[in-house]
Amino acid sequence: MHWLPVTHQDSSITCSNDMGILTTHGHEQRYISPTTGNCRRLIVQAVTPSGKFEVAIKDHTNDASKLAIWLLTHSPFKGWIIFEWIAKSVWFALKLLWPIVWFLVDFFYNNASGDSEDDTDSMYTGYYKPYLRQFQGQLWAARSRMEHSSRIKEEADITTRTHACYPRILMIRSSNQNEWVRCADRDTIIHAKYIAISYRATDVYSRGPREKKEKEQFTDEVRAAVLDQQFNAYWLDLECLGETPSEENLDVYCMSDVYRRAEKTLIMLGRADSGENECWMSWGGRVWTFPEALLSSRLCYKFRDREEVESLSLFQLANLAHTNSEDEQAIINAYAGGKDPLERLERLTLLKSAIWRRAMASFPTLSGPPLPPKSDMVGGASVTGKGYKPHKAEQVYALMGFFEHRIQPNHDEDELRALARLSMANDSDRIADRMVSMLPSTTTPGACWYADNDIYDANLWDILPEIQVAGVTENGALVLDGCRAAAIRWKNFPEIPFTTPFSVRRKIVGYIPYFSWPFIISGLSIIPHTSRAGGIALIVIGLFLLFLSPRLFLYSRSGRIIDKQPWLIGVKGVVDKGTVESHLYGGSIAHFPRMYFTPSGSLFSKPEQLSRRIGSDEQYKDAKEHAKNGPGHMYTLIDTCSSTMYYFRAERPPTVCIFAGREGGLGRFVLCSESCQLNELHKEMVLRMPTEISQKMELCGWVALG
């Protein structure tokens with residue numbers, strides 16, 4: 001997994017809280033408080049703190065429980081520990097007095113309330129802490145036509161059908177049989193049978209002073225081949241593409257229909273004397289040639305230095321031009337009527353991979369989105385001398401011919417925004433929705449939702465999305481609806497309320513320690529006035545109860561935990577189970593609540609080879625070893641709802657967990673950091689967690705993932 005470095009500037013950042021109130025702060029990492037809704041500086045507890053925003057691991061668990069455990073597990077007669085033992089015994093006794101004082105104050109003054117965030121931590125709600133910030137910007141492109149979209153529509157004055165039944169322009173041989181004319185007459189075109197031409201620009205011409213002459217020579221060769229096949233009409237992008245941006249967009253929109261409606265497609269290859277295999281590989285590496293061949297009813301081919309025109313099947317084409325990829329082989333088997341049919345989404349996903357691979361064939365590997373294709377991978381230029389301007393999202397427009405619903409091309413949009421629009425137009429496929437739940441090996445700058453692959457080796461069609469893309473922002477972020485989200489706590493371990501099976505004996509025993517102080521106070525009060533012996537007896541009883549209080553107190557809190565407050569707790573570094581257990585629930589003597597490692601939830605997961613499905617304890621050693629090197633930082637996530645621990649690596653500590661989909665029997669939970677300036681979330685990691693914990697997460701409004 002590769003991440004981009006986080007850069008900082010000297011200027012301040014202005015953001016707003018959940019109520020829209022503006023505030024200014026520095027460039028340190030921030031988060032929205034799930035209690036107050038304010039933007040706060042993120043403080044991270046770490047195994048080895050470094051920097052002013054990291055602190056040692058600490059907790060807010062019940063101090064009385066921890067003191068009771070310490071008093072029972074340490075003997076006062078070992079060296080000088082007697083003084084520490086006495087001090088902690090006194091502190092424990094005062095802890096038992098405090099609830100009585102608080103009760104009396106509340107009873108007489110009725111003003112026992114608190115507004116601090118920590119006061120609400122111990123309240124049981126049955127839900128994780130919510131994520132309060134919502135996307136408040138404007139959509140660049142919206143799924144619903146009722147929503148405003150700020151993008152500039154080049155196709156505003158063009159109305160088209162989803163599928164065209166004939167090309168807009170054809171080259172047709174005139175009635176006097178002596179010249180070819182560029183025909184735009186509908187009545188003529190619908191009665192013409194034509195050949196569509198497929199080629200690669202580098203096999204035809206080179207940029208420079210001879211470009212025009214080479215194009216004319218190629219056009220003459222095409223016309224001769226068309227006549228040889230007994231046709232009087234053909235479609236060639238050099239001559240038939242529009243001259244204005246609107247006409248170009250319309251022709252790109254209907255490109256797939258041109259090849260669908262053609263009687264046959266003629267593949268014009270380079271010169272055979274340079275090597276037939278090289279000619280086929282060159283032609284097969286262009287963005288548009290793969291969909292052109294798949295959508296054609298019949299295929300034939302011709303080398304430029306040979307006269308013969310040979311027929312060709314898709315299976316032969318696969319052996320000649322697509323020998324290096326199993327994806328292309330599977331697609332061709334499906335389109336050629338083979339015995340290996342593919343489901344629709346699987347077919348579209350493989351098509352996308354095949355087209356993207358061609359677009360990137362001439363570029364070095366980068367940790368970012370695919371670059372716009374070069375002109376020689378797109379096609380040619382019109383013979384009028386005005387060059388065809390490739391779209392930035394050429395790959396998406398080549399792919400959209402296989403979809404039921406298409407999008408109008410736009411020169412201003414990039415590939416990722418076009419892919420998001422295509423996904424929204426074809427809601428049943430939900431390609432972008434599924435990508436949100438995936439984590440690629442390399443994240444895309446500015447669009448972390450985009451995924452060409454998945455670190456868990458899942459395919460796009462394996463994901464069942466639980467969210468819906470509502471639109472795309474100007475920055476290329478996806479705006480998601482229907483998210484169940486939870487805040488992740490980083491500053492410490494909170495006090496986690498829990499319940500155990502009801503027991504009358506534990507209930508009665510639990511009240512006994514609190515009677516120690518009333519006995520002592522009563523004894524002290526009656527000694528001077530009533531009975532010295534009776535007062536001493538009450539004091540002795542009170543002291544005896546104080547001596548037994550640690551054991552009685554812990555017994556009252558023992559028993560199997562049957563319900564507890566859900567929390568997601570983060571720690572920077574690799575923490576062992578014992579440390580986590582000691583910081584949760586305040587501790588107990590018997591039936592200590594155990595934590596488990598995930599068997600398959602993260603890249604560091606390792607299942608036990610036993611009859612019971614649990615994670616192996618070796619994960620801790622492996623994670624410690626991986627923490628020594630590698631990009632980003634190692635983190636530990638503790639989920640109290642499922643009592644599960646996860647180790648993962650990320651660039652920044654994620655503060656929000658979003659339930660985005662399901663796969664392989666588990667939920668896909670996207671861990672995100674927050675960018676309050678952009679009002680966006682950034683995907684840091686994806687974990688596979690039990691699906692049922694999503695029911696403990698509250699629905700939130702629109703969120704932007706970018």
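These exercises work through a predicted model, each with a stepwise solution.

Residues are numbered from 1 along each chain as its sequence is written, and side-chain values use heavy atoms, with hydrogens and water left out. Local features need pLDDT of at least 70 and side-chain atom pairs count only at pLDDT 80 or more, while totals for chains, interfaces and linings use all residues.

**Exercise 1. The second largest cavity**

Task: Find what volume the second largest cavity has, and which helices each supply at least two residues of its lining.

Solution: 
- Start with the definition. On a 1 Å grid over the protein atoms alone, a cavity is a set of points where a 1.4 Å probe fits but cannot get out. Lining residues have an atom within 4 Å of a point.
- Next, volume. Grid points are joined across faces, edges and corners, and the space filled by probe spheres set on the points is the volume.
- Count the cavities. Six of 30 Å³ or more are present.
- Take the second largest cavity. Its volume is about 80 Å³.
- Look at its centre. Among the 13 lining residues, M255, S256, W288, L295 and A398 are the closest to it.
- Assign helices. Helices are DSSP runs (H or I, at least four residues) and strands are runs of E (at least two), numbered from the N terminus. At least two lining residues come from each of α6 (245-253), α7 (255-261), α9 (289-295) and α13 (394-399).
- Ala, Val, Leu, Ile, Met, Phe, Trp, Tyr, Cys and Pro count as nonpolar, Asp, Glu, Lys and Arg as charged, and the others, Gly among them, as polar. The lining of the second largest cavity holds 10 nonpolar residues, two polar and one charged.

**Exercise 2. A surface patch and a covered helix**

Task: State which residues form a nonpolar patch on the surface, and how many residues of helix α14 are buried.

Solution: 
- Members have over 30% relative accessible area and no salt bridge; nonpolar side chains (Val, Leu, Ile, Met, Phe, Trp, Tyr) are joined within 5 Å, like charges within 9 Å. Accessible areas come from the Shrake-Rupley method with a 1.4 Å probe, and for residues only the protein chains shown count as cover.
- Name the patch. I86, V90, W91 and L94 form it, with about 370 Å² of accessible area together.
- Helix α2 (residues 81-109) contains W91.
- Recall helix geometry. An α-helix has 3.6 residues a turn, so residues three or four places apart point the same way.
- Buried means under 20% relative accessible area, exposed over 50%, and partly exposed in between (1.4 Å probe, protein chains only). W91 is partly exposed because its relative accessible area is 46%.
- Turn to α14 (residues 415-425). Of its 11 residues, 10 are buried. These include E415, R417 and R421.

**Exercise 3. Salt bridges**

Task: Work out where E684 and R652 lie, and whether D414 is buried or partly exposed.

Solution: 
- A salt bridge is a side-chain nitrogen of Lys or Arg within 4 Å of a carboxyl oxygen of Asp or Glu.
- Count. The whole structure has 30 salt bridges.
- Take D414 and R417. Their side chains form a salt bridge at 3.6 Å, N to O. D414 is partly exposed at 31%; R417 is buried at 11%.
- Take E625 and K628. This salt bridge spans 3.4 Å, N to O. E625 is partly exposed at 47%; K628 is exposed at 62%.
- Take E684 and R652. Their salt bridge is 3.8 Å, N to O. E684 sits in strand β27 (residues 680-689) and R652 in the loop between β24 (644-650) and β25 (656-663), so the pair ties together parts 32 residues apart in sequence. Both residues are buried.
- Salt bridges link D454, E663, R668 and R688.

Technical notes
On a 1 Å grid over the protein atoms alone, a cavity is a set of points where a 1.4 Å probe fits but cannot get out, and a pocket is an open set with protein on both sides within 12 Å along at least five of seven lines; lining residues have an atom within 4 Å of a point.
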